[in-house]
Structures are given as C-alpha cells and as structure tokens.
Amino acid sequence: MTASMTTLTQQDWQESWYDLEVYKSLMAKQRIDALFQEHPGRAQAFSLAAAGLKLDFSKNLMTEEGLVLLLKLAQASRLGDMIEALFSGAEINNTEHRPALHTALRSDGDGLDKTAAEEVRKTFARMRVFVDKLHQKQWLGYSGKAITDVVNIGIGGSDLGPVMATRALAPYAQDSINVHFISNIDGTHVTEILKPLNPETTLFIVASKSFNTIETRMNAEAARDWCFRAGMAQGDIKHHFVAVSTNIAAVVAFGIDEENIFPMWDWVGGRYSLWSAIGLPIAISIGMDNFEQLLAGARAMDEHFRNADFRQNMPVIMGLLSVWYTNFMGAEAQAVIPYDHYLHKFPSFLQQLEMESNGKSVRRNGEPLKYHTKGVIFGEAGSNTQHSFHQLLHQGTHCIPVDFIVPAVSHNPVAQQHDYLFANCMGQSRALMVGRSLEQVTAELQEKGLDAEEIKQLAPHKVIPGNKPSNTIIMEKLTPYTLGALIALYEHKVFVESVIWGIDAFDQWGVELGKVLAEDIYTAMQDDKAGEELDESTLGLIQFFKEKQA
C-alpha cells in the first residue's frame, strides 16, 4: 500500500502527466465530429458494455492515442494495486485508518473477516423478516393497527441514497406501505411530511451512525413528540421506531428497543451506505427480493471493475475522461442528465458521492495539490433541463462535459412520448458535438429572406460552436439490477479519479467545521456574552434575526 500512496512524486507519473499536456496541445484545434470522419467505426471502438449498461463515449475529444496516454497515467498511479486494496479490505481511508468495504455488502462478505461477514448476513436476514412483517401487516402500532406509512429520518448518505433509489424504483413499489423521507432541520420539512399521516399507523426509521447528527436527532425528537401528542406513552415508542446506528446506548436512551436496532459499520462510509441497513426504506418500498437485485447489479459492476482490462473497463474509462477534462481541458463542472423521470434524484445523489468524496485540496500525505480535483456536479431530469441550463451548455463559455443516461424501454409507454424523449436525448448530445456554424446560420437566414444587414446583426447570436463532449449511458430498462450497476459505476469512477489525483475519497473533514461553528453560534444566540469572539457580520445577522423573532 505504501508505494501506491506516494505515486504522485514518482517520475513515471510526472512523465505521464507531461505527455498528456503535450497531447492537449495537439488536440487544441481538433473537433469531435471530425474524428468520426477520420476513423470509421469509432462509435463501436469507443463503446463498452457491462452489468446491463452500455457506455458510448465516442462523443469525447479523445483519440485512441489519448486513451493510451490516460491508461499510462493510470498505470503510473498504480490503479490496479489500489483497486485490489479497495476490494481486499486494506486501510484505503488513510486519514481515518479504516477500509472502505461497501463492496463487501454485495459480495458475500469478500474482504471481511468471518465474524464481520456473518454479521452482514444476519443483518440482511433481519431486514427480510422486518420487511416481510410490514408487508404482511404483522407489525402493529401501539393501538393494534397495522403500519401503513414508514418515515425515514436521516441526512446526507442516510437520506440521499435511499430517497434516490426509492424514487428511481417506484415502478417496483409494494402497494401495502408508503415510504417518506425527512432530512432538513427546517421545521417545515418534518411538519409537511407528518401532516397527512396517522401516528397510529406510522413507523419511523432513525438512520444515524452516531445517533448524534443534529438534524437527525432533532427531527427524531420532533417525530417522537408528535407521537406523544397523539396519546402514546414512552413504552409505546418501540412499536413505532426502529434505528440504524452504532450508538446502541443513545438509541436505547431515546426509547427505541435494542432489538429494533440495525447495525452500521465503520468500514462503510455514509455516502456508500445504501447497500447496508441504511437501505431499509428501499427494501420496504420495493421488497427484499428486489433489494437483493439492486445488490446483484452492483456486484456485477464490481466484478467488471475489478477484473476487466483497463481499456475495456467502464469505471476506469469514465474516471480517466473526467481527469482529462478537469486537469487538461479546464472543465470546472459536469452535468448529469437522466432522461428518465424516475431518476430525477440521481444528480442530487451524485453531488454528495462525487463532491464529498473528491472535493479535496491535499494529497494523502497532506501536501497541497498543484492541480484541480473534482468540479461541480449538477443536473436534473431531461427534457426539463433543455428549458433551463442547456443554453449554457450549448453557447456558454465554459467546458462542461455531460453524461446522458437513458433507458431504451419505458415503464410508462404513453403514446409516442418515450420515443420523443429518446430523440431529445440523442438530439442534445449530437447538438453539443456538431453545433451550428456561422455559414450554416447565414444560409438559413438567407433562405428566410432576411437582408444582408439583418443577417449580419442576427447570425452571431445563432451560432452554436459545438465540440462539447458527452457520454451516453443506455440500458434496456431501469430495474433494481441496472440501477445497482449504475450506482456502482459512479462509485468506482469516483475512486479512479481519487487514485489519479492521489487523494482520499472516503473522508470528509470539510463538512465538520460548519457544524462546530453552528453550535457556537447557537450558544451565542441564547447568551450575548458567548458571542464576543464572533465577527461583526455574524453578530449583526444574529441581532437582526433576534429582533425579527421578537
């Protein structure tokens, strides 16, 4: 492992980086659409398939020569060693001194010792019993009525993954249980979610590894108070609350029975945790058999990532292309646009996965980086995006690579709408590539009968430069299996980036400071003397807040 951690100082890595700088200058005047003319069969050569997904990466400013250079950089970064370290349970998260074994949750415990592997199996067995009880109306509330609604209370990885997957797999939802989510500490969120629900038939999942996350704790307390106001006693809480946590004492003190606690493990990071008991709301929504299909799809992508040659390796290619655009083509953002409404939460999920993992500025050894790492991830469901930010993609001044995601078959084939949706997806990726030249625009305006002066004034505004890169990921249908593969694809893509950049993808120290300062400010809001060390701006805003509340 030690050698892998120090690759950024090695001569071969530096040489690979320099070779890409030279290649960048050679590609400066190249156009993507011209590459198709120069190399017939490019689309097939620049496509990969794995785990029910097909990746077409041919619409990138990249040649086979450039791929060779990127793969050389991967080898110089000892990516192969790092992939094996990831799967084998090495201490890949070096700042927190632990492995990152979310892959073990979908591979029969590969990388875990026998005790941990058995604990995982027991947890999944308990999840199945729990889910079956809910669906069979055998889990009863304190008044004897069956549970009809489940509310997941969590934030970050305890919310984004479950809510994304639950929404994405809505066609597989079981009719017997409705699943809801509360995350924001804003009282409006908990109020609006609970407003239509019946306390007698509602069960809460409190998902927090530490059981001390302030947003989750306060929302859980608000939910418990809601139950008390409905007439429940402390002893009734066991019928309406379960938890996913490592802090058994805090959970029991809250009033949740120890037998209602599902475990978490330090070797699973929050943003990689939907495969664990954190995924309980997913399993409740779609049933445990479908949840296991979600795991199976991810496992298939794991096996592809671990075993495929790098040139044929989907996460490796996507990760290397991301490095290419970030570090050599000046890209500071990437758009992810799923052309499937069920995936409308997928970009939000990726924001945490990608930016929390790789939004770093120091190497594994603590030295400052001299190059950029992860840029901004944004997006939402197409074709809505065509009427919001596509203008920026097509005519803006930024380099913004795009990932398009689309299924060939819709769960809801209304008339010809899915055909038009697919056509829009393909049209946008082609428009990004080919654009529209000044000559084309001029000819079109001439055909419309505009005079020379009008054309001179209008034509520049209608030019679309094109040459904007994109990937297209297509699947037959969005299913638990293909969703699992898609999530794992991006997990591993993020890991590839982190290895090339020499950073730890599994810590997130940057999220802690704001939480600490929020506690200090909350104290200052209660006691003026406690805020003497605060800056003038913060003090002034606190004063304004207090005046308006009064």
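Predicted model: local features only at pLDDT ≥ 70, side-chain atom pairs only at ≥ 80, totals over all residues.

Reader: Which element gives the most to the lining of the largest cavity?

Author: The largest cavity holds about 160 Å³ of space. Of the 18 residues that line it, Ser-322, Tyr-325, Thr-326, Gln-334 and Pro-401 are the closest to its centre. Two or more lining residues come from each of α14 (314-328), β8 (333-338) and β9 (376-378). With 5 residues, the top contributor is α14.

Reader: And how many residues of that lining are charged?

Author: Sorted by class, the lining of the largest cavity has 8 nonpolar and 6 polar residues. The charged residues in the lining of the largest cavity number 4.

Reader: Let's turn to the open spaces. Which helix gives the largest share of the lining of the largest pocket?

Author: The largest pocket has about 1100 Å³ of space. It is lined by 43 residues, and the closest to its centre are Ser-210, Thr-213, Val-511, Glu-512 and Lys-515. The elements that each supply two or more lining residues are α10 (214-229), α15 (346-358) and α21 (512-526). The largest share, 7 residues, belongs to α21.

Reader: What is the class make-up of that pocket's lining?

Author: Good thing to ask about a pocket of about 1100 Å³. Its lining divides into 17 nonpolar, 15 polar and 11 charged residues.

Reader: Which helix gives the most to the lining of the second largest pocket?

Author: This pocket has a volume of about 340 Å³. Its lining counts 16 residues, with His-341, Ser-410, Asn-412, His-418 and Leu-421 the closest to the centre. By class, 6 of the lining residues are nonpolar, 9 polar and 1 charged. The helix that gives the most, 5 residues, is α17 (residues 417-434).

Reader: Which residues does Tyr-490 touch, not counting residues up to four places away in sequence?

Author: Tyr-490 is one of the core members that touch the most others. Leaving out those sequence neighbours, its contacts are Met-318, Val-336, Phe-346, Leu-350, Leu-353, Glu-354, Asp-403, Ile-405 and Ile-473.

Reader: Is Cys-227 buried or exposed?

Author: Cys-227 belongs to another core, of 22 residues, which lies apart from the largest one and also includes Ile-182, Ala-223 and Ile-237. Its relative accessibility is 0%, and the cut-off for buried is under 20%. Cys-227 therefore counts as buried.

Reader: How far from Cys-425 is the nearest cysteine sulfur?

Author: A disulfide needs sulfur atoms within 2.5 Å, and the structure holds 0 disulfides. Cys-425 counts as buried because its relative accessibility is 0%. Cys-425 is in no disulfide, and the nearest cysteine sulfur, that of Cys-399, lies at a distance of 19 Å.

Definitions and conventions: Residues numbered from 1 in each chain as written. Heavy atoms only, no water. 1 Å grid on protein atoms, 1.4 Å probe; cavity = no way out; pocket = protein on both sides within 12 Å on 5 of 7 lines; lining within 4 Å. Points joined across faces, edges and corners; volume = space filled by probe spheres on them. Helix = DSSP H or I, 4+ residues; strand = E, 2+ residues; numbered from the N terminus. Nonpolar A, V, L, I, M, F, W, Y, C, P; charged D, E, K, R; others polar. Core = buried A, V, L, I, M, F, W, Y, C linked by side-chain atoms within 4.5 Å. Buried < 20%, exposed > 50% of the residue type's maximum accessible area, 1.4 Å probe, protein only. Contact = heavy atoms within 4.5 Å.
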